[in-house]
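Subject: Structure for you to look through

Hello,

Please open the structure below and keep it beside this message while you read. My notes on what was found follow it.

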Amino acid sequence: MLRFYILAYLLCLSYYAHAWGFFGHQKINYHAVFLLPPDMLVFFKPHIDFLSVHAVDPDKRRYLLEQEGPRHYIDLDHYGPAPYLSLPRDWKTAVAACSEDSLTRYGIAPWWIQVMLERLTRAFMAKDQDKILQYAAELGHYVADIHVPLHASSNHNGQLTGQHGIHGFWESRVPELLADTEWDLLIGQAPYCKDPLGMIWSRAIQSAAAADTVLHTEKILRKQFSSDQVFAYEERKGQLTRQFSSAYTLAYDQLLNGMVERRMRASIEAVASLWLTAWVNAGQPSLASLSRQPYSAQDIVSLQQLEEAYKNNPIKGREHD
Ligand SMILES: [Zn+2]
């Protein structure tokens, strides 16, 4: 049995090391564009590929910067039972109550989303097209992360319950198998968000509440499948790869009763809503005149460094967050 878990762990470590997977993040940013009003669509739609591709930059940055990791998660269970009243929602009050070091240790995702929202708002005010695209793409990443139940739990990869690999199973394998063919990701217009911090916290708390179900459900299912049914050689990105079998993945999704699809839809809506909110709070600047060529020469160098670090460096901090 131990050998089985080690194998499962190694298997999943190599294939699913990123939140929502690259597939999920790119899909979320892509679909979020279509929820925007025409005055934003005129700029966002021509850059939809950029917004999708760069949805994963924050995960790549985890190979470059030590401080990047905690921006992607928050271990809410560290703060006692829901609704975690011992943890102030406002950053300054939280630092005063818990210290910045301690907050960083258990993740700062909700507050980092606020930072990114402010950066995007300022970029809209300045009509700085490079920064608008960069911050919009990256804000989309962090907002999507907070919707993943295991991003709000200290048992983030099932390491405390003998379920190594469940992180990638939930957020990569399930969407990769079902999102394109089975899920409805068309959503109406994004609403303006009057209280972004409140919305972000409510999504984080929903995620924490769902974490137990994510873990418990897989435990139940594992008892119904033999180990040679759990994994199979199946195609992934054009290659035959040993991974969670389709049958096991479908059964898991069914037992979760559509949870992964609901969280992906909620992510898409929240991403578009915060893009819209930043633009409205910036005074709804006209985006029609912005050029369609994103990124200056200096920004391109930074992106190249990010790419190099991602390809050549070990990840800094947690593997699965
Ligand atoms: Zn992430």
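Start with two helices: in α11, Pro196, Met199, Arg203 and Ala210 meet Met259, Ala266, Ala270, Leu274 and Thr277 of α14. To meet, or be in contact, two residues need C-beta atoms, placed from the backbone, within 7 Å. Helices (H or I, at least four residues) and strands (E, at least two) are DSSP runs, numbered from the N terminus. By class, this contact of α11 with α14 has 7 nonpolar, 1 polar and 1 charged residues. Here Ala, Val, Leu, Ile, Met, Phe, Trp, Tyr, Cys and Pro count as nonpolar, Asp, Glu, Lys and Arg as charged, and the others, Gly among them, as polar.

Before going further, note that this is a predicted model, in which local features need pLDDT of at least 70 and side-chain atom pairs count only at pLDDT 80 or more, while totals for chains, interfaces and linings use all residues. Residues are numbered from 1 along each chain as its sequence is written.

Two packed helices are described by the angle between their axes and the distance between the axes. Axes are lines fitted to C-alpha atoms, for helices over the stretch in contact, and angles run from 0 to 180 degrees between N-to-C directions. For α11 and α14 the angle is about 165° and the axes are 12 Å apart. That makes α11 roughly antiparallel to α14 (under 35 degrees is roughly parallel, over 145 roughly antiparallel, 65 to 115 roughly perpendicular, and the rest oblique).

α14 also packs against α9, where the axes come within 9 Å and cross at roughly 140°. That makes α9 oblique to α14. Ala136, Leu139, Gly140, Val143 and Ala144 in α9 meet Ser267, Ala270, Val271, Leu274 and Trp275 in α14. This contact of α9 with α14 has 8 nonpolar, 2 polar and no charged residues.

With α2, the angle to α14 is about 50° and the axes are 8 Å apart. That makes α2 oblique to α14 as well. Among the α2 residues that meet α14 are Ile28 and His31.

Which residues touch the most other members of the largest nonpolar core? They are Ile113, Leu120, Leu139, Val271 and Trp275, in a core of 67 residues. α14 gives the most to this core, with 11 residues. A nonpolar core is a set of buried Ala, Val, Leu, Ile, Met, Phe, Trp, Tyr and Cys residues joined through C-beta atoms within 7 Å. A residue is buried if 20 or more other C-beta atoms lie within 10 Å of its own, exposed if 12 or fewer, and partly exposed in between. Leaving out residues up to four places away in sequence, Leu120 touches Ile132, Tyr135, Ala136, Leu139 and Ala278.

Gln129 lies in helix α9 and is buried, with 20 other C-beta atoms within 10 Å. Its C-alpha atom is separated by 8.6 Å from that of Leu287, 158 residues apart along the chain.

Some backbone details remain. A cis peptide bond joins Ala82 and Pro83, with omega about 5°. Pro83 is in the loop between α5 (57-61) and α6 (91-98), and Tyr84 is in the loop between α5 and α6 too. Phi of Tyr84 is near 60°, a positive value in a residue other than glycine. Lys127, in the loop between α8 and α9, has phi near 50°, also positive. Lys127 counts as partly exposed because it has 14 C-beta neighbours inside 10 Å.

Regards
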